[in-house]
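Trainee: Could you walk me through this one? I'm new to it, so please keep it plain.
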Amino acid sequence: MKDLKLASNGRGRRTVVHVGDVNFGEGFCVIAGPCSVENERQTLETATAVKKAGADMLRGGAFKPRSSPYSFQGLGLEGLKILDLARKETGLPVVTEVIDPRDVSWVAEFADVLQIGTRNMQNFALLKEVGRVDTPVLLKRGMYSTLEEWLNCAEYILSEGNPNVILCERGIRTFERYTRNTLDLSAVPAMRELTHLPVVVDPTHSTGRISLVGPMSLAALTAGADGIMVEVHCRPQEALCDADQALTPEQFGQMMSKIRPLQHFLAAVPETLRPT
Ligand code: PEP
Ligand code: MN
């Protein structure tokens, strides 16, 4: 990985990406919210519920990169305004996806973190554009990408001047069909060796199964991840996107009641006895 001038792990230092009061690279940051912003009521209801359950940050897509051009594509500007409202209502910073280089500068005015989705990981024009703003970027791993390719994409952003990159492992395509993707949890400690950037895990898109989101979130925490990003919807059966994998606020609350004690337990374990 000789071409990684900025993303590689220089002498064991760790980068902390600050998003308001949330610090990626310290503790365990929990991002939660709907796959997409559908309307004001759905977003505010979900945002309030995840905040109550202890989430640190809200997610929600206003621009959706859908496999079919006939599927719901997101509300665009209207969705960003709803996210702004949800942020004011809950105090939670917001991460939202940007899919077009031409939209980066104005979407950055609404977003606390810009998300680059798996399908756009190697959209180099988009990477360069998010590298030119100072809004932090959540860079998801391409579903067919190696760790080296993923890190080179982080390098594109860093080399344009934006040092605030958070990596997100969201599962890769394998022959397995029971899960939507295969969560490569080994990417977490591997990235710890390879880069100074924080790494979070998306247990939702990687498994595609509600029953597996909780167990893999706990596994991500134990593997040394800096956080998770989880899809939660106030009424999953009505969701316009990814309805089968969204947790209800109640399920999310139950999961959080396991995550925080495990986080505190691991923090209290002497460093020499910790898994990572
Ligand atoms: C998402 O997080 O909403 C999303 C579309 O994820 P991915 O790009 O990982 O499929
Ligand atoms: Mn989704």
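Predicted model: local features only at pLDDT ≥ 70, side-chain atom pairs only at ≥ 80, totals over all residues.
**A chat about the model**

Mentor: Let's start with α9, which has 20 residues and spans 29 Å from its first C-alpha to its last, close to the 28 Å expected at 1.5 Å a residue. The expected span of a helix is 1.5 Å times one less than its number of residues. Helices (H or I, at least four residues) and strands (E, at least two) are DSSP runs, numbered from the N terminus.

Trainee: Okay, back to α9. Which of its residues are buried?

Mentor: F252, M255, M256, I259, R260, Q263 and L266. Buried means under 20% relative accessible area, exposed over 50%, and partly exposed in between (1.4 Å probe, protein chains only).

Trainee: And what covers them?

Mentor: The cover for the buried residues of α9 includes β3 (29-33), α1, α8 (210-222) and β10.

Trainee: Can you give me one residue from β3?

Mentor: Take V30, which is in strand β3. V30 is buried, because its relative accessible area is 0%. Leaving aside neighbours within four places in sequence, V30 is in contact (heavy atoms within 4.5 Å) with A55, D56, M57, I228, F252, M256 and R260.

Trainee: How many residues apart are V30 and M256 in sequence?

Mentor: They are 226 residues apart, and 9.0 Å apart in space, C-alpha to C-alpha.

Trainee: What about α8, which residues are buried there?

Mentor: Those are V213, G214, S217, A220 and L221. The buried residues of α8 pack against β9 (199-201), α7 (203-207), β10 and α9. Just after α8, G224 takes a positive phi of about 100°.

Trainee: New topic: the metal. What coordinates the manganese ion (ligand 2)?

Mentor: C35 (SG), H205 (NE2), E231 (OE) and D242 (OD) do, at 2.0 to 2.4 Å. Donors are N, O and S atoms within 2.8 Å of the metal (3.2 Å for Na, K and Ca); water is not among the atoms, so sites may look incomplete. Along the chain, the donors of the manganese ion follow the spacing C-x169-H-x25-E-x10-D.

Trainee: Where do E231 and D242 sit?

Mentor: E231 is in strand β10 (residues 227-231), and D242 is in the loop between β10 and α9 (249-268), 11 residues from E231.

Trainee: Are those two buried or exposed?

Mentor: Both E231 and D242 are buried. D242 also has a phi near 55°, a positive value in a residue other than glycine. For background, most residues other than glycine have a negative phi.

Trainee: Let's switch to helix packing. At what angle do α1 and α2 pack?

Mentor: Helix α1 (residues 40-53) and helix α2 (residues 77-90) pack at about 35°, with their axes 9 Å apart. Axes are lines fitted to C-alpha atoms, for helices over the stretch in contact, and angles run from 0 to 180 degrees between N-to-C directions.

Trainee: Who makes that contact?

Mentor: On α1, E40, T43, L44, A47, T48 and K51; on α2, I82, L83, L85, A86, E89 and T90.

Trainee: And L77, is it buried or partly exposed?

Mentor: L77 is in helix α2, and L77 counts as partly exposed because its relative accessibility is 39%. Setting aside neighbours within four places in sequence, L77 is in contact with W106 and F110.

Trainee: One more, then: what does V94 touch?

Mentor: V94 is found in strand β5 (residues 94-97). Beyond its neighbours within four places in sequence, V94 is in contact with M57, L58, L83, R87, A111, D112 and V113. V94 counts as buried, since its relative accessibility is 1%.

Technical notes:
Residues numbered from 1 in each chain as written. Chains lettered and ligands numbered in written order. Heavy atoms only, no water.
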